[in-house]
Amino acid sequence: MRTDLHRHLTDPLTAVRNLGILAHVDAGKTTVTERVLYLTGATHRRGEVHDGTTVTDFDSQERDRGITIFAAAVSCDWDGHRINLIDTPGHVDFADEVARSLRVLDGAVAVFDAVAGVEPQSEAVWRQADRYGVPRIAFVNKLDRVGADLDAAVESIRELLHPAPLAVQLPIGAEGAFTGVVDLLRMRSLVWADGEDTAAEGPVPEDLLDEARRRRRLLEEAVAELHPLALEEFCATSALSAATLASALRDLTRSGDGVVVLCGSAYRNRGIEPLLDAVVAYLPSPLDVPAARGTWDGTEQERAADPAAPLAALAFKVNATDMGRLTFLRLYSGTIRKGETVWNASTRQSERVGRVLRVQADRHVRLDRAVAGDIVAVIGLKTTRAGSTLCAAEAPLVLEPPTVADPVVSAAVEARTGTDTDRLASALARLVEEDPSLVVRTDPETGQTTLSGLGELHLEVAVEKVRRAHGLDVRVGRPRVAYRETVVRGVSGLVYRHVKQDGGAGQFAHVVLDVEPLDGDDAGATGFAFRSAVVGGRVPQEYVRAVEAGCRDALAEGPLAGHPVTGLRVVLTDGATHVKDSSETAFRAAGRFALREALRASTMGLLEPVADVTVTVPGDAVGGVLGDLATRRGRVGGSTTRGGAAVIAATVPLAELFGYATRLRSRTQGRGVFTTRPAGYAPAPLPAPRATPAR
């Protein structure tokens with residue numbers, strides 16, 4: 001049902017849904033978003049990706065490339081509920097944009113291609129949602145395509161993502177004849193005639209009745225196995241009522257024990273109304289999710305979703321627009337009003353809120369206030385960045401910020417004219433402010449500026465944004481990957497004595513270190529572990545912490561080629577102090593110099609980033625593609641056939657993938673496509689030593 005999008009904020013929190021649309025690139029999530037906006041009355045015509053007329057893909061680069069690059073927030077109303085929706089990117093290079101969105105969402109709709117099923121990036125975003133504990137429902141899209149198979153898509157979800165996908169619909173018609181679905185809960189048919197926006201409800205078609213009953217029975221059995229109350233009713237009556245099924249599916253979705261699966265064709269506007277009904281029925285409101293947790297001065301605190309409670313909001317996106325600097329916020333508790341002053345707990349500074357806006361992609365509606373559970377944008381904040389916490393000054397806390405992925409690809413950038421150098425520096429600083437996964441560094445010796453990001457396309461989009469938004473002519477060097485160095489064979493008992501005497505108090509620190517490779521299970525997020533085995537108090541605890549800090553300092557540059565060091569364990573086995581000259585500064589310096597010396601004495605290896613690559617090509621091109629992957633040092637993991645095409649899975653060094661799209665198109669006459677997903681680091685061949693000239 002359509003309702004007024006811009007009505008005053010009077011809905012209770014139980015009638016709010018904050019959700020994201022997640023998918024692999026080209027699975028149709030932006031089209032799903034467009035149909036949601038159209039059916040809810042938020043827009044009055046259907047936007048199309050191929051025409052460049054979508055609401056959420058409003059950036060010129062998104063329309064030129066036909067993909068979602070930047071997460072876009074929109075709002076709409078359905079059946080008395082307000083839905084705050086974020087359309088997220090599907091390309092692997094923009095996975096960090098997805099992570100920042102998932103951090104502030106209460107639920108998500110995962111969209112899958114009915115032909116391809118679970119694809120690499122759909123698996124990656126699913127794991128991101130797992131990390132943040134976001135409840136999901138699944139929508140199998142494109143059932144009108146040749147080769148579409150709901151059962152195969154559901155099975156791929158079961159095998160790769162979740163052990164309990166719960167299909168609540170049965171398609172009516174197949175491929176081009178797909179016209180509607182059977183609702184297995186209410187045992188009714190929903191059929192969309194060509195050109196109609198709403199479904200005609202009717203009885204289950206006679207030729208599908210037995211199959212619908214069989215699938216309803218399977219659904220009841222699957223739900224009874226997972227839900228205790230449903231099991232009681234099933235044991236007592238050998239069946240489940242529609243009300244019990246709906247209640248159990250809601251509980252299973254919110255606990256993550258089950259995933260409701262719906263189906264349709266967003267392009268043909270079929271299946272979107274039941275999807276919206278499922279969003280309202282199964283996904284949680286802000287009151288249904290755990291209270292937000294934060295810390296302040298080492299003490300953990302909770303904030304319930306209450307507009308009357310002290311303010312707690314997390315900034316998850318910053319965007320420079322013609323209106324000014326937009327900061328996107330998720331309010332977890334309290335109320336924020338235009339003109340009031342809030343406390344940035346991350347920077348410990350006060351900020352003034354100029355305006356509060358309800359966001360509709362690139363359009364905005366002014367609000368007097370926003371309350372707990374809302375996702376809004378504000379203007380006027382100067383020091384707030386993505387990940388910052390805004391709160392009431394009298395009740396400070398810091399919420400956990402979204403994680404930021406480490407960059408894996410770098411390229412040198414410079415202005416073509418010297419007069420534009422300062423303008424380029426300013427443009428890059430703004431770029432990094434908007435996208436924390438981008439890193440800008442300037443070499444102090446050469447003065448060269450390097451831009452680092454998550455992939456070749458990520459850098460390409462960032463540089464093009466500088467060109468278009470700031471009118472700068474920028475030169476870009478060939479991309480380079482971020483190598484790491486690691487310990488292959490370590491050293492034991494390395495002794496280092498740090499003594500410095502230059503007048504006044506001196507510095508003295510004596511340490512003995514063991515360095516060894518770090519096992520994969522112990523590597524953690526940083527790839528570094530430190531422990532002390534010193535006995536008898538020969539090195540006080542505060543000096544042990546200083547040694548660890550010094551060792552971490554030494555990890556910045558390895559002995560092979562100056563790359564960061566990872567994958568090692570350092571054990572402080574012994575040491576000595578001086579009654580006057582020992583200090584934390586001295587032991588930190590000793591830890592730094594000792595580990596540098598230990599790394600030079602160790603056998604080191606080079607690591608390079610690798611990617612899992614899925615290549616889909618015609619059968620007659622398989623041989624040439626496999627040969628090309630071999631020349632790129634790729635390790636082929638397997639090959640399957642899907643819809644008459646060969647699907648090749650391989651792991652390839654990221655450095656070898658630059659320019660691969662062009663090469664693949666030429667080998668397959670434009671018929672081959674590929675996707676990538678980061679797969680961590682793997683040993684790389686060491687560079688050949690330079691030949692010594694003959695004397």
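Reader: What covers the buried residues of helix 14?

Author: In this predicted model, the cover over the buried residues of helix 14 includes strand 36 (603-618), strand 37 (635-642), strand 38 (645-653) and helix 15 (660-667).

Reader: Which residues of helix 14 are buried, and what puts them on the same side?

Author: Helix 14 spans residues 622-631, and its buried residues are Val622, Val625, Asp628 and Leu629. They cover an arc of only 130 degrees around the axis, so they lie on the same side of helix 14. Gly623, Ala630 and Thr631 are exposed on the other side of helix 14.

Reader: Which residue with a positive phi follows helix 14?

Author: Arg633 follows helix 14, and its phi is positive, near 65 degrees.

Reader: Where is Arg348 found, and what is its phi?

Author: Arg348 is in the loop between strand 17 (341-344) and strand 18 (349-352). Its phi is positive at about 55 degrees, although Arg348 is not a glycine.

Reader: What makes Tyr496 and Phe593 an aromatic pair, and why is the pair called tilted?

Author: The ring centres of Tyr496 and Phe593 are 6.3 Å apart, and a pair requires centres within 6.5 Å. The planes stand at 40 degrees. Stacked applies under 30 degrees and edge-to-face over 60, so the pair of Tyr496 and Phe593 is tilted. By this rule the count comes to five aromatic pairs.

Reader: Which parts does the pair of Tyr496 and Phe593 tie together?

Author: Tyr496 lies in strand 31 (residues 491-500) and Phe593 in helix 13 (residues 584-601), so the pair ties together parts that are 97 residues apart in sequence.

Reader: How do you know whether Tyr496 is buried or exposed, and what about Phe593?

Author: Tyr496 has a relative accessibility of 18%; the limit for buried is under 20%, so Tyr496 counts as buried. Phe593 has a relative accessible area of 29%, which lies between the limits of 20% and 50%, so Phe593 is partly exposed.

Reader: Which ring does the charged end of Arg136 sit over, and which face does Lys465 lie over?

Author: The charged end of Arg136 sits over the ring of Trp126, 4.5 Å from its centre. Lys465 lies over the face of Phe70, at 4.8 Å from the ring centre. The distance limit for such a placement is within 6 Å of the ring centre.

Reader: How do you know that strand 8 pairs with strand 7 and with strand 9?

Author: Pairing takes at least two bridges. Four bridges join strand 7 (residues 169-172) to strand 8, and these strands run antiparallel. Four bridges also join strand 8 to strand 9 (residues 188-191), again antiparallel. Gly180 in strand 8 stands opposite Ile172, and its bridge partner in strand 9 is Val191. Val181 has Leu190 as its bridge partner in strand 9.

Reader: Which way do the residues of strand 8 point, and what lies between strand 8 and strand 9?

Author: Gly180 and Val182 point one way from strand 8 (residues 180-183), Val181 and Asp183 point the other way, and all are buried. Strand 8 and strand 9 form a hairpin with four residues between them, and Met187 in the turn has a positive phi of about 50 degrees.

Reader: What is the order of the open sheet of four strands, and which strands stand at the edges?

Author: The order is 7-8-9-10, with antiparallel pairing. Strand 7 and strand 10 (200-202) stand at the edges; each has a single partner strand, so one side of each is left without a neighbour in the sheet. Neighbouring strands of this sheet are turned by 25 degrees against each other on average, direction ignored.

Reader: Why is Gly258 called buried, and what is it in contact with?

Author: The relative accessible area of Gly258 is 3%, and buried means under 20%, so Gly258 is buried. Gly258 is found in the loop between helix 8 (242-255) and strand 11 (259-263). Leaving aside neighbours within four places in sequence, Gly258 is in contact with His162, Ala164, Leu166, Leu252 and Thr253.

Definitions and conventions: Residues are numbered from 1 along each chain as its sequence is written. This is a predicted model: local features need pLDDT of at least 70, side-chain atom pairs count only at pLDDT 80 or more; totals for chains, interfaces and linings use all residues. Side-chain values use heavy atoms; hydrogens and water are left out. Helices (H or I, at least four residues) and strands (E, at least two) are DSSP runs, numbered from the N terminus. Rings of Phe, Tyr and Trp (its six-membered ring) pair if their centres lie within 6.5 Å; planes under 30 degrees apart count as stacked, over 60 as edge-to-face and the rest as tilted. Buried means under 20% relative accessible area, exposed over 50%, partly exposed in between (1.4 Å probe, protein chains only). A charge sits over a ring if NZ of Lys or CZ of Arg is within 6 Å of the ring centre and within 35 degrees of the ring normal. Axes are lines fitted to C-alpha atoms, for helices over the stretch in contact, and angles run from 0 to 180 degrees between N-to-C directions. Contact means heavy atoms within 4.5 Å. The arc is that of the directions from the helix axis to the C-beta atoms.
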